[in-house]
Amino acid sequence: MHIVLQLIPKKYLIGGTLILLGLSGLLVMSTIVAITGEFEKDNQQSEVTEIEGGGIGVGTANVSPEVMKYQPLLEKYAQKHGLDASYVPIMMALMMQESGGRGNDPMQSSESFCGSVGCISSPELSVDKGVLHFKSVLEKAHYDLKLCLQSYNFGGGFINYVMKNGGKYTPELAISFSQLQYQKVKHTGNYHCVRPEMVPYSACYGDAKYVDAVLKYYTGTITADGKPAAPASGGSGGKSGVKVIDAGKTLIGKTRYVFGGGRSQSDINAGRFDCSSFVRWAFEQVGMNVGPMSGVTTDTLKTQGQAINPKDMKPGDVVFFDTYKIDGHVGIYVGNNQFLGCQGKTGVAIASMAKGTYFGERFNGRVKRF
């Protein structure tokens, strides 16, 4: 080996050594970049700290990640079956009670679809038929939302019972219906009280407190007729939308983007925001609460309010973009294919979402009106 090295010109030995050192350096740098990339990816995923949702009016639906993943399907089939999108969060709360989003029939719609439990084995079919059944029951209940929910559990017979006894849902009617039905079926041995507090009443048919069970996952405004209430101040797409934009513009040139920033008053005072915390702050300035300061994310914002067709969006509507993940970025539409948001290089600024631009190519069509 020593003889071979003596035969190779010295200048080639030096050049080869430098090349090897360069390749080694590139390998080390690639490793560092890969590790850093994974670290940043982990940090980005940690943005989702809680799941909240918008609802009828300005309410919120607190559901699990398993239920949350069905929101796009619920919106899809609500549109297909002609159901107001504002009912989606209520159906998310219903799914939370029925299955927690687990299994192949997350809306437990087999029985209403084919008359027997277990005939649905496709989650999408479950959502399709569950939304259709919800709409049917809602209409039969004359938009008495609580009557609709309880009938989803009891069956359509409860609506007839209520119509003969005042025409409006009450907890007392739910208990009495459960008592009557239980007397008819208790001999089968297949029915047992799901709630210990119903045992003294012999109200062991279905769940007489189903309405409360569903609504514990939902906080919001329900109008007297059960229909979606108009968003506060006419909605973010009206005059209040302009006010939101004006409030947000006051931060242009005064902030910097910090991932996870804007979730404490000290961050806000120092002008540290990310996209979702900025949107939350802007709406707070016009008296609209769209989520807690400490827990707001793009995923909590996207379940707020009413879904709007992109063709109909107005200044003040909230728009979403698929960046590092689905709905990874959010901003406030200002008109003329532009939106106001907190971006990585600029902080709070107006950016283009016109076709061919970075955000234009990443706009996913999700528009919400708060």
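The buried residues of helix α14 are Cys275, Ser276, Ser277, Phe278, Val279, Arg280, Trp281, Ala282 and Phe283. Buried here means under 20% relative accessible area, while exposed means over 50% and partly exposed lies in between, using a 1.4 Å probe and protein chains only. Because nine of the 10 residues of α14 (residues 275–284) are buried, this helix is largely enclosed by the rest of the structure. Helices (H or I, at least four residues) and strands (E, at least two) are DSSP runs, numbered from the N terminus.

You are looking at a predicted model, where local features need pLDDT of at least 70, side-chain atom pairs count only at pLDDT 80 or more, and totals for chains, interfaces and linings use all residues. Residues are numbered from 1 along each chain as its sequence is written, and side-chain values use heavy atoms, with hydrogens and water left out.

Now find strand β6 (residues 318–321), which is covered on both faces. Val318 and Phe320 are buried on one side, and Val319 and Phe321 are buried on the other. Two strands pair if DSSP finds at least two bridges between them. β6 runs antiparallel to strand β7 (residues 329–335), joined by four bridges, and Val319 stands opposite Gly331 there. β6 also pairs with strand β10 (residues 363–369) in the antiparallel sense, over three bridges; in β10, Val367 is opposite Val319.

Finally, visit two loops. Ser202, between α10 (171–185) and α11 (210–215), has a positive phi near 55 degrees without being a glycine. Asn337, in the loop between β7 and β8 (338–343), is not a glycine either, and its phi is positive at about 60 degrees. Ser202 is partly exposed, with a relative accessible area of 29%, and Asn337 counts as partly exposed at 40% relative accessibility.
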